[in-house]
Amino acid sequence: MDLSNLKPAEGSTKTRKRIGRGQGSGRGGTSTRGHKGAKSRSGYSKKVGFEGGQMPLQRRVPKFGFKNINRKEYKAINVEVLQALAEKNNLSVIDVDVLVNAGLASKNDNVKILGNGTITAKLEVKAHAFSKSAQSAIEAVEGTVVKL
């Protein structure tokens, strides 16, 4: 055995279809394109979303609404959650890193503190935004609010 008698495995290779090589090949004439129509012509390329002249789906489906590209998304966290977190971990300062470590937000989230629930601990809270009720609730127990 040497390099001169190596062959690929049985059935692993196929001969390619040679089209447009005359009538005797069995694939001459229309060269597997059929008769007439756009697909038989040279230079044909199907447009994205084209459905053979039928009204395309993206034009049939009704459109509505508005998507503001400048919208800022916030991860909402209530003051009662801050209270529970402060009691559990004995904290006086709560910032985004603490919330990320607790699994309440991801590191890329903008955090907004909302005022649902009660808070009794005096906390320094650092976040990207605060609702008025949350800010007043934190300041009512002599805590401080720091916007990042």
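Modeller: Let's start with Ser 131, which counts as buried because its relative accessibility is 14% (buried means under 20% relative accessible area, exposed over 50%, partly exposed in between, with a 1.4 Å probe and protein chains only). Keep in mind that this is a predicted model, where local features need pLDDT of at least 70, side-chain atom pairs count only at pLDDT 80 or more, and totals for chains, interfaces and linings use all residues. Residues are numbered from 1 along each chain as its sequence is written, and side-chain values use heavy atoms, leaving out hydrogens and water. As for pLDDT, the predictor's confidence in each residue from 0 to 100, the chain averages 93.

Ser 131 sits in the loop between β5 and α4 (132-140); helices (H or I, at least four residues) and strands (E, at least two) are DSSP runs, numbered from the N terminus. Its side chain makes a polar contact of 3.3 Å with that of Ser 133 (a pair of N or O atoms within 3.5 Å; within protein, one must be able to donate a hydrogen and the other to accept it, and residues adjacent in sequence count only if both atoms are side-chain atoms).

Leaving aside residues up to four places away in sequence, Ser 131 touches Lys 112, Ile 113, Leu 114 and Gly 115, with contact meaning heavy atoms within 4.5 Å.
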